[in-house]
Amino acid sequence: VRDILPQLRTGRVVRGVIGVSVSRTPMTESYARELGLSAPAGAEVSQVPEGGPADRAGLQVGDVILEFNGRPITNDDGLVGMVVATKPGTTVPVKVLRDRKPITLNVTVGELNLEAEAATVRPAARRVSRAVGHVDAVLGQQFDVGRRAEAPVGADEVLAQPALVAH
């Protein structure tokens, strides 16, 4: 909150984006060893959209981001938090593990377009909400539950959460 308070006073919140999607599957000890890590760490890149900051810097699918601006990445959530808190236009070193070797790339953080992000997330959230509602109805009939159970994550909650993209 302390970080965005000055932005709220201006009426505009600015968030950083590097333009990668990261794996949401927690890294296991064995997978970490397979990658060449001594322990689970980092965020594995699953997508690099063409033309984005990460693509321009040379990040590739399969890279494991180990550090962002000199700070270690313990998991994908840590990376997302660091990226969105970085001022757009800032060039930061990003240490990755590629083919079992560490390399450092310089990424210039872009500005997250919140309207475009919301336009992408809302239709997906509606589909999730409808699917959960359908599952609830089927399970309700199967187990003779008289009222619809609450969905674990509804559309409003999905929209309130940060996207799964390392912004």
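This is a predicted model: local features need pLDDT of at least 70, side-chain atom pairs count only at pLDDT 80 or more; totals for chains, interfaces and linings use all residues.
Local features are given only at pLDDT of at least 70 and side-chain atom pairs only at pLDDT 80 or more, while totals for chains, interfaces and linings use all residues. Residues are numbered from 1 along each chain as its sequence is written, and side-chain values use heavy atoms, without hydrogens and water.

The protein has six helices and nine strands, which are DSSP runs numbered from the N terminus (helices: H or I, at least four residues; strands: E, at least two). Of its 167 residues, 32% are buried, meaning under 20% relative accessible area with a 1.4 Å probe, protein chains only.

In soluble globular proteins, nonpolar side chains tend to be buried together. A nonpolar core is a set of buried Ala, Val, Leu, Ile, Met, Phe, Trp, Tyr and Cys residues joined through side-chain atoms within 4.5 Å. The largest one here has 21 residues, and Ile18, Val20, Leu59, Ile65, Phe68 and Leu79 have the most contacts inside it. Elements giving two or more residues to this core include strand 2 (20–22), helix 4 (76–84) and strand 7 (101–108). Another core, of seven residues, lies apart from it, with Leu35, Leu37, Val64 and Leu66 among its members.

Thr86 sits in the loop between helix 4 and strand 6. Its relative accessible area is 13%, so Thr86 counts as buried. Leaving aside neighbours within four places in sequence, Thr86 is in contact (heavy atoms within 4.5 Å) with Gly16, Phe68, Val92 and Val109. A polar atom of the Thr86 side chain also lies 2.7 Å from the backbone oxygen of Met82.

Definitions and conventions
Buried means under 20% relative accessible area, exposed over 50%, partly exposed in between (1.4 Å probe, protein chains only). A polar contact is a pair of N or O atoms within 3.5 Å; within protein, one must be able to donate a hydrogen and the other to accept it, and residues adjacent in sequence count only if both atoms are side-chain atoms.
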